[in-house]
Amino acid sequence: MSTFKAPKGTYDLLPPDSAVYLAVREAIAAPARAAGYGYVETPGFENVELFARGVGESTDIVTKEMYAFETKGGDKLALRPEGTASVLRAALEGNLHKSGNLPVKLWYSGSYYRYERPQKGRYRHFSQVGAEAIGMEDPALDAELIILADQAYRSLGLRKFRILLNSLGDAECRPVYRDALQGFLRGLDLDEETRRRIEINPLRVLDDKRPEVQKQLTGAPVLRDYLCDACKAYHEEVRALLTAAGVVYEDDERLVRGLDYYTRTTFEFVHDGLGSQSAVGGGGRYDGLSEMIGGPALPSVGWALGVDRTVLALEAEGVALDLPAATSVYAVPLGEEARRTLFGLVTELRRAGVAADFAYGARGLKGAMKSAHRSGARYALVAGERDLADGVVQLKDMESGEQQAVALAEVVDRLRTAR
Ligand code: AMP
């Protein structure tokens, strides 16, 4: 071990477990890709102002959790704490919204950074896969995204997750509700910081997890009673489309989420096997975000699903992914001449698209066969001097244990289909 360790709140992905993460990322992205979402990649850092304006000056993410820094050149940057603001910034900068082809549907996958108190399921560096549909107000898009996330989790074999759904209203009805809520909250017995929050972002007080706060919130005005007719109709349509798709959800009027930009539809995927960090993914509509970061009005909706927590959810449910072995053929040479011949064969196999590996170093047959087994390869190719003199190699089926001599010239053709 070196003197260095991974920084607090981070961990490394190493084989063999890393294969599970890769598979989870792919599985989450697959339904979105098949639904017309194109891949977008943005820098790991942005101007800090993008997040301050986009995510919200009053959110924990911006005030407490952002890795913000100034460069030697004086630029004020921040490691990205979330994906939506960056993706929208990139879409605007690339003029994707002007292509006349709305909505702009994008998916992404990457690392995100929040200076949080680390615990199981909560890290300072974590991984998300996200999808955004930009520039269109259509309840079918909100429904589509929720259905795609549901499909992703199901394809992984997850069952014990629930979908929480709410509407946060829009620029017309939310302010009316906000006033009513502020009136109610100001009458409660709350600490200084929470009192400040009432004035900046009262909806987030509803999100306060402390029991002494939650206890006082009984009887608080609920947004549902304040939704304008347009928001109500929109939300009903989202719900109807989900129900028609057979996607089960729970109405959760307390669901406000920790980012300021959400309007109308908000949703969260929670997993019941994860303890306190139960949210595996979340998202919603953010009709005002584009204007908040200086763009034109572009009503949009999206989600981000956490890869780390999805892996934990798989563990909690005892789901083992059926991952194919990375190596199909493992070559074991006995002697110098065999090394050269088999190394050449391995190269040929790889070029033919067969995943092949090789017993490097001067190892005995026993040790090399152990590595062959460990690789998960279905076949081993073994050759010694006598085999080469006969122009053959021994092809061993690692499952049945059967072994047969195959002419050197025929090996690649024989194994081309062995994947
Ligand atoms: P959020 O934007 O906070 O709703 O995050 C979306 C998803 O990212 C969450 O549901 C989590 O699965 C994941 N996530 C957010 N923060 C963390 C963190 N600190 N550590 C691990 N996963 C996280």
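Guide: The buried residues of α11 pack against α1, β6 (125-134), α5 (139-155), β9 (263-271), β10 (279-285) and β11 (300-306). Contact here means heavy atoms within 4.5 Å. As for the labels, helices (H or I, at least four residues) and strands (E, at least two) are DSSP runs, numbered from the N terminus.

Visitor: Before we go on, what kind of model is this?

Guide: A predicted one: local features need pLDDT of at least 70, side-chain atom pairs count only at pLDDT 80 or more, and totals for chains, interfaces and linings use all residues. Residues are numbered from 1 along each chain as its sequence is written, and side-chain values use heavy atoms, leaving out hydrogens and water.

Visitor: How many residues of helix α11 are buried?

Guide: Buried means under 20% relative accessible area, exposed over 50%, and partly exposed in between (1.4 Å probe, protein chains only). In helix α11 (residues 307-317), nine of the eleven residues are buried, so the helix is largely enclosed by the rest of the structure. Among them are Val307, Leu312 and Glu317.

Visitor: Is proline 7 buried or exposed?

Guide: Proline 7 is exposed, because its relative accessible area is 56%. You'll find proline 7 in the segment before α1 (17-34). Proline 7 and tyrosine 123 are 116 residues apart in sequence, yet 11 Å apart in space, C-alpha to C-alpha.

Visitor: Now the strands. In what order do the three strands of the open sheet come?

Guide: Two strands pair if DSSP finds at least two bridges between them. In this open sheet the order is β2-β4-β3, with antiparallel pairing. The edge strands, β2 (45-47) and β3 (68-70), each pair on one side only. Three bridges join β2 to β4 (residues 76-79), and asparagine 47 stands opposite leucine 77 in β4.

Visitor: And what about the whole chain?

Guide: Zoom out and you can find 15 helices and 16 strands. Of the 419 residues, 50% count as buried. The C-alpha atoms fill a box of roughly 90 × 50 × 45 Å, taken along the principal axes.

Visitor: Which domains is the chain divided into?

Guide: Domain bounds come from an automatic or database domain assignment. Here the chain is divided into domain 1 (17-173 + 227-317) and domain 2 (329-418). The C-alpha centres of domain 1 and domain 2 lie 47 Å apart.
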